[in-house]
Amino acid sequence: MLRIITQQADVRSELQRICDRTNDEQVLHKEATVREVLQAVKRQGDKAVLHYTAEFDHQILKPEELRVTGSEIDAAYQQVSKQLVEAIRLACRQIEAFHRQRVPKSWVHFDDDEVVLGKRYTPVDRAGIYVPGGRAAYPSTVLMNAIPAQVAGVRRIIMVTPPGASKTIYPAVLVAAQEVGLQEIYRVGGAQAIAALAYGTKTIPKVDVITGPGNIYVTLAKKLVYGTVGIDSLAGPSEVLIIADETANPVHVAADMLAQAEHDPMAAAILLTTDPALAKNVQVAVERQLVDHPRRTLTEKALAHYGLIVIVESLQAAAELSNEFAPEHLELEVEDPWEKVLPFIRHAGAIFLGHSTPEAVGDYIAGPNHTLPTSGTARYASPLGVETFLKHSSIIQYSQTALEKVAGAIDALAAAEGLPSHADSVRRRVQKEE
Ligand SMILES: NC(=O)c1ccc[n+]([C@@H]2O[C@H](COP(=O)([O-])OP(=O)(O)OC[C@H]3O[C@@H](n4cnc5c(N)ncnc54)[C@H](O)[C@@H]3O)[C@@H](O)[C@H]2O)c1
Ligand SMILES: N[C@H](CO)Cc1c[nH]c[nH+]1
Ligand SMILES: [Zn+2]
């Protein structure tokens, strides 16, 4: 049963507990496992990858079976409907159109003082994209990761995804990969996949940046390899926070809460509402929708631990609590969300406004990326985007005249820092000393 509490109760600490669920004590032993996997793959390469694939995915692979073949991809098309292929193509177009908007562009500025300054954007050479596959198939995640990498101009994209029963990959995932033209796909998941991409093995190439969502093992592994490689964000177990007033439909709100809870037993679903009647009706609707739900057990587990309904005093109070939580997905199921709530929101991965914008529209079709920061990291992190695969170099050029104008200032700063060669490198040019 989804709990209802009032704002007077210890709401803040309860929301904090849910937000911090990927950092709590129970997660520590998972982190120990992940560290062991990372170390083993770093030292033993493919041997360790195969060992942990057997242990955690229960699939015994030979090294030559790690890479997915062209004939498997061809066969995948026979196993999916035409309607799904069409849906994937529509999603591709929408995602690409969104990600092509305002791609960061290199620029240089020449000023009157004969100084040239600028930024030069270049893509990473190799990107590794993680497509989850433990508890569901994620063809949409293939598109959400590959398309921005391609728009950024990444030359080599390596996809990893866990093998399922009989070593197979979900056909829909392979079809999505083919639709965006991915050539290198490896059947490996979890921390061992992240380790292989971070350190490289004989079979799986080392990359410069790893992107993509995943469960707690994947997310901890990404956190631990950061520095060896770049990462997008900690896009861990899904979460939704819904702010609703009396105009919201309780059946729709309940469905949206279940839509995130069904991802993972560590997923979170929170409703903040000004209307006590809506709170009760959502609680009842959730129970009803769980009857005969194909993913009932894991969804109930998520809701029991990380589900909550809070009756709040005002929409502004809800916005403040939401800012503290910094949800991956925020739904504003209120009358006039643009005026009444949005201006008060500071931290959220993706914001869905109004009664006809369920979060699922963003998961699949709208175009903005569904790979989003979780567990409070939206306080400082952003959705996956083209910029995730780009970095920029600063461009600086001074003429002799321009250098002479700033020589004194550099001299003073270098002296203050006790770094004489810095000052000298300028003085020799200005005074034309050899
Ligand atoms: N934040 C986002 O942007 C976003 C987007 C989509 C999905 N998600 C999340 O991605 C996750 C997908 O999770 P999933 O489980 O379906 O697939 P997954 O691919 O992330 O995880 C499966 C892998 O976990 C490893 N694993 C499982 N149990 C283990 C254990 N006991 N010890 C060590 N390793 C173990 C296995 O190697 C397996 O390959 C969900 O949490 C979902 O909410 C997040
Ligand atoms: N809701 C997920 C992000 O947390 C993304 C997704 C993919 N497929 C379905 N949902
Ligand atoms: Zn989803």
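How far apart do the C-alpha centres of domain 1 and domain 3 lie? The distance between these two centres is 56 Å. The chain as a whole is divided into domain 1 (4-25 + 237-379), domain 2 (45-233) and domain 3 (399-430), with bounds that come from an automatic or database domain assignment. This is a predicted model, in which local features need pLDDT of at least 70 and side-chain atom pairs count only at pLDDT 80 or more, while totals for chains, interfaces and linings use all residues. Residues are numbered from 1 along each chain as its sequence is written, chains are lettered from A and ligands numbered from 1 in the order in which they are written, and side-chain values use heavy atoms, with hydrogens and water left out.

Around ligand 1 there are 29 residues, of which Asp-57, Tyr-130, Arg-135, Ser-238 and Asp-264 come nearest; a residue is counted here if one of its heavy atoms lies within 4 Å of the molecule. This shell draws at least three residues from each of domain 1 and domain 2. By class it divides into 12 nonpolar, 13 polar and four charged residues, where Ala, Val, Leu, Ile, Met, Phe, Trp, Tyr, Cys and Pro count as nonpolar, Asp, Glu, Lys and Arg as charged, and the others, Gly among them, as polar.

Polar contacts (pairs of N or O atoms within 3.5 Å) can be followed from several sides of the chain. An oxygen atom of ligand 1 is 2.6 Å from an N or O atom in the side chain of Tyr-130, whereas backbone atoms take part at Gly-134, where the distance to a ligand oxygen is 2.9 Å, and at His-370, where it is 3.0 Å. Taken alone, ligand 1 exposes 880 Å², and the protein buries 89% of that, with areas from the Shrake-Rupley method and a 1.4 Å probe.

Ligand 2 has its own shell, which includes Tyr-138, Ser-140, Glu-328 and His-329. The side chain of Ser-238 places an N or O atom 2.7 Å from an oxygen atom of ligand 2. On its own ligand 2 exposes 290 Å², of which the protein buries 91%. By class, its shell has two nonpolar, six polar and three charged residues.

Methods: Polar contact = N/O pair within 3.5 Å; in protein donor to acceptor, adjacent residues only side chain to side chain.
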